[in-house]
Amino acid sequence: MLELRTGLALVAVLLGASFGRAAAAQPAPGRGEAAAEARPGEEGGGAELEAYRALARPPGTAARVVSSLAMGTGLRFNNPYRLQTQLGDTAESLSLTAGYLDLGVALALGPADGVQHGGALRLSIALSGVPQESLTPSYFVAYRGLPRALAYGRLGAAILIEPDVNVGGELAVGLGYYLLAGVALSGELVGDLFYGAATYEAAYTVYPVVSAQLGLMIDHELLP
């Protein structure tokens with residue numbers, strides 16, 4: 001009986017030693033197969049890596065299409081023809097221009113939240129007095145980084161279509177405040193400079209005009 005017990009104890013010791021060596025040969029937790037699954041680019045981690053790359057990729061070029069409708073009026077700094085809206089006593093006195101309707105469209109390219117460059121086209125129509133229309137193609141720059149606002153500027157040539165064809169220069173700065181996504185209240189300050197026919201006082205007449213206008217702006221963004 002003693003010999004049987006001794007033999008069983010010896011077998012148990014041998015089995016325990018075998019299982020211990022097998023357990024020591026297994027990879028430690030966090031290594032081996034689990035670590036291989038977590039490596040970027042290996043099977044099982046490729047989808048997450050591609051998603052990260054897509055989010056980390058620098059944003060591409062965005063497009064902005066802006067359409068506007070506004071009404072305004074201006075001050076003329078030279079009044080050689082003594083118009084009825086003259087505000088002073090001499091030809092150099094200020095005078096009011098007729099109220100006008102302004103229709104515009106612009107396209108700009110660049111970072112969605114940065115400076116964008118493009119072109120604009122404006123059509124202005126006088127609402128009273130002598131019929132008058134002007135068409136203004138211009139360079140357009142916009143900045144969307146401000147909270148709920150779009151700052152923009154224009155520089156171009158103002159082409160008078162009626163009553164007499166003439167070409168002048170136009171510089172404008174404006175700001176759109178977003179009431180809704182893509183819909184903004186816009187305000188714009190516009191400066192124009194025209195050359196006219198000779199008068200008794202001057203061989204070449206110059207007509208500086210400064211106008212202010214308010215309206216609505218529709219801003220449509222095309223993201224990359």
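Residues are numbered from 1 along each chain as its sequence is written, and side-chain values use heavy atoms, with hydrogens and water left out. Because the model is predicted, local features need pLDDT of at least 70 and side-chain atom pairs count only at pLDDT 80 or more, while totals for chains, interfaces and linings use all residues.

Let's start with the strands. Strands here are DSSP runs of E with at least two residues, numbered from the N terminus. Two of them pair if DSSP finds at least two bridges between them. Strand β3 (100–110) pairs with strand β4 (residues 115–126) in the antiparallel sense, over ten bridges. The two form a hairpin with four residues between them, and within this pairing Leu-109 has His-117 of β4 as its bridge partner. Moving on, β4 also runs antiparallel to strand β5 (residues 133–143), joined by eleven bridges. Here Ser-124 stands opposite Ser-134 in β5. The hairpin of β4 and β5 has six residues between the strands, and Gly-129 takes a positive phi near 75° there.

Now look for the charges. A salt bridge is counted when a side-chain nitrogen of Lys or Arg lies within 4 Å of a carboxyl oxygen of Asp or Glu, and by this rule there are six. One of them joins Asp-102 to Arg-122, with the closest N and O atoms 2.7 Å apart. Asp-102 lies in β3 and Arg-122 in β4, so this pair ties together parts that are 20 residues apart in sequence. Residues are called buried under 20% relative accessible area, exposed over 50%, and partly exposed in between (1.4 Å probe, protein chains only). Asp-102 is buried at 3%, and Arg-122 counts as buried at 6%.

Glu-170 forms a salt bridge with Arg-154, the closest N and O atoms being 2.9 Å apart. Glu-170 belongs to strand β7 (residues 166–180) and Arg-154 to strand β6, so the pair ties together parts 16 residues apart in sequence. Arg-154 also forms a salt bridge with Glu-188, where the closest N and O atoms are 2.5 Å apart. Since Glu-188 lies in strand β8 (residues 183–196) and Arg-154 in β6, this pair ties together parts 34 residues apart in sequence. Glu-188 and Arg-154 are both buried, and Glu-170 is buried too. Salt bridges that share partners join Asp-102, Arg-122, Arg-154, Glu-170 and Glu-188 into one network.

Gln-213 brings in another strand, β9. Gln-213 counts as buried at 6% relative accessibility. Contact means heavy atoms within 4.5 Å; leaving aside neighbours within four places in sequence, Gln-213 is in contact with residues including Asp-102, Arg-122 and Glu-188. The side chain of Gln-213 also makes a polar contact with the side chain of Tyr-100 at 2.7 Å. Such a contact is a pair of N or O atoms within 3.5 Å; within protein, one must be able to donate a hydrogen and the other to accept it, and residues adjacent in sequence count only if both atoms are side-chain atoms.

A nonpolar patch of about 770 Å² is made by residues including Leu-107, Leu-109, Ile-159 and Leu-222. Patch residues have over 30% relative accessible area and no salt bridge, with nonpolar side chains joined within 5 Å. β3 gives the largest share, three residues. Leu-222 is found in β9 (residues 205–222) and counts as partly exposed at 42% relative accessibility.

Terms used. Patches are made of residues with over 30% relative accessible area and no salt bridge: like charges are joined within 9 Å, nonpolar side chains (Val, Leu, Ile, Met, Phe, Trp, Tyr) within 5 Å. Accessible areas come from the Shrake-Rupley method with a 1.4 Å probe; for residues, only the protein chains shown count as cover.
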